[in-house]
Amino acid sequence: MSAPLQPLLHNELVVLRAPTQAWSSRDGSLGTAPIHGLYFSDVRVISRLAAQVGGADGEHIATEILGADSMTFVTLLRHLDDRAADPKVRLNHTRTATATTIRETLTVSSHLDTPITTDAVVTLAADLSEMDGVKAGIGEPARPSVDVLGTSATWSNSSVHARLDAPGSLVQVSEERIELSWPLEVPPHGEASVTWTITASDEQAVVIGVESPPRWSMPDVDADDDRLPRWLDTALGDLDALRMATVAEPDLVFLAAGAPWFFTLFGRDSLWAARFMLPLGTELAHDTLRVLGGLQGTDDVAASAEQPGKIMHELRRETLHIPDEAIALPPLYYGTVDATALWVCLLHDAWRWGLADEHVRELLPNLVAALGWMRDYGDADGDGLLEYIDHTGHGLANQGWKDSGDSVQWRSGALAEGPIALCEVQAYAYEAATHGADLLEHFGLDGAAQWRAWASALKAKFHETFWIASPDGDYPAIALDAAKRPVDTVTSNLGHLLGTGLLDERQAGLVARRLVSPELNSGFGLRTMSTDSTGYWPLSYHGGSVWTHDTAIAIAGLVREGHAAQASSLISGLLSAANGFDFRMPELHSGDTATRLAVPVPYPAACRPQAWSAAAAVSVLSSILGLEANAQEEVLRVSPSGMVGLLNVSGIRFRGSPVSIRVTPDGEVAAASGATIDVR
């Protein structure tokens, strides 16, 4: 018997408004691919759906994407048409998602001179399969008992309740399916429609959807290179649909990690996405900081990896079991080494973009606790560096952003043994300590000098232990292993060191040259692992693929360190990739080189849309403009690259006020308004 396979996503379509999503084929039908279905709160409530008008399928000719939450599938109904060459009868099938409902409408339009008398029949298969099983490729769809009352049908398990409403229909249920049927009278040169909705609720839910308008600004971007505004437009629509809140704090909005697998709160992902979004306002960052601060660890609990001051990794409705990997993560899991430092970094950056002092002051106890975790728990062996190891035997073996089991390996392909000290985690910790000290000092709290001294010691230790000599130029190891040996694989992790203050000018230059080398730069973004490593494979999750957010972080660091040419090279690659993915960037894609391929190769199981991949569009815009916020001096510094030609941007928000910037094709700021702008 073959092993179960994770469903592929790259050829399927999704309509979403978290925590609701509908995955279908290009013609809107469900059931021909393992991922297909209508999902709510990590449970699939419908596994198959097909619509016929006049007893036959239509001929699909187009799919119109109306937004992340709505789509129309256009088919011809030539079996109802006359014999003329031009098609005169067509069907528009529109699917729209809300946070609790999928609404579907079939509209038959006719240009015939005579009426059409026919019927519409929709068949569905009720289901209550858990998302974990769907992802693992195991188990058959659940077949719940369905109750019919008039034009409605209901089914449920112990926590999830689904209801189908089909006004005007005849609802019939057999062993395998629900059938909805309506008589249709389509007038000459007219149309007729039928509608049904599927609504669900989950008594066990820990997160909920958000229907109110997003509170970030919606920038208006005009550029000679239209790939940038098109990416931004698509990304912001996707981010709107990925907004969620916890049941405990329904007014605090964060970005869910991605569809279909991760409609929930992830510490690292939500923090990076909120950080990328800061040029559009501080509200998302403030909410994200607060919701994560409310879940900050207070006790030392081995089973969940909770520790005092630690920021959580992920929140689930129940224990997450990953088959064949002996992984079982409790509903509130803290197994992440980087989220705590990143929480501090986001707080500082939000303050620099204009988060009000009173809001920062409310979070100072969380700041103090987070800094304390880095020193007292993050550095478990007291060597001045942050390490991780799973002590439970069923948690994540790797707890940085590259959290797959084979993500930290030697150039030979052998896996590194933990405890592991990742290079980028040291950079986050250094930045958190130095900027945390700035916040402590500004707000009159003790400890600023001690944290600067702690950061200085970490920096010295990093320089002493991480650097590897090479004929191509020295470079930092991805990590130190259990024996404190530098793991010699060249990886994209290097890009996360830039702009944090951990490197000196010479070292930053060495890293910049590495990042744009043909071994790391695919032409569609930054490879996670260099091609000269034994473990490299372009479709390896963390061993050669390209992650959009990872490349965006490197771009931002290159800009901060003054390496505009290298940043422009990586930006060009991301814009090419965005164009190849119709501007909805996936979680990751293949590391195949752009010199041999005209379009990027998908990683077929990647989330799409995904929060930090979408939010990376805003980070790239910020990098192109060279934005550096300093709300304390009331100055927004601008140092544009000019790489996208003429650029007009309005809707940047600094200190709560809109900013507009016009950049000439050669990178000069021609006009700016709305803030004190320092052009460099």
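**View 1. The largest nonpolar core of this predicted model has 174 residues.** A nonpolar core here is a set of buried Ala, Val, Leu, Ile, Met, Phe, Trp, Tyr and Cys residues joined through side-chain atoms within 4.5 Å; buried means under 20% relative accessible area (1.4 Å probe, protein chains only). Look for Trp231, Trp343, Met374 and Leu647, the residues with the most contacts inside this core. Another core lies apart from it, with 44 residues, including Ala22 and Ile178. In soluble globular proteins, nonpolar side chains tend to be buried together.

**View 2. Here helix α7 (residues 364-378) crosses helix α8 (residues 423-442).** Helices are DSSP runs of H or I, at least four residues, numbered from the N terminus. The two axes come within 11 Å and cross at roughly 145°; axes are lines fitted to C-alpha atoms over the stretch in contact, with angles from 0 to 180 degrees between N-to-C directions.

View 3. Strands are DSSP runs of E, at least two residues. Asp481 is buried, at 3% relative accessible area. Its side chain makes a polar contact of 2.6 Å with that of Arg485; such a contact is a pair of N or O atoms within 3.5 Å, one able to donate a hydrogen and the other to accept it, and residues adjacent in sequence count only if both atoms are side-chain atoms.

**Notes.** Residues are numbered from 1 along each chain as its sequence is written, and side-chain values use heavy atoms, leaving out hydrogens and water. Because the model is predicted, local features need pLDDT of at least 70 and side-chain atom pairs count only at pLDDT 80 or more, while totals for chains, interfaces and linings use all residues.

How values were computed: Buried means under 20% relative accessible area, exposed over 50%, partly exposed in between (1.4 Å probe, protein chains only).
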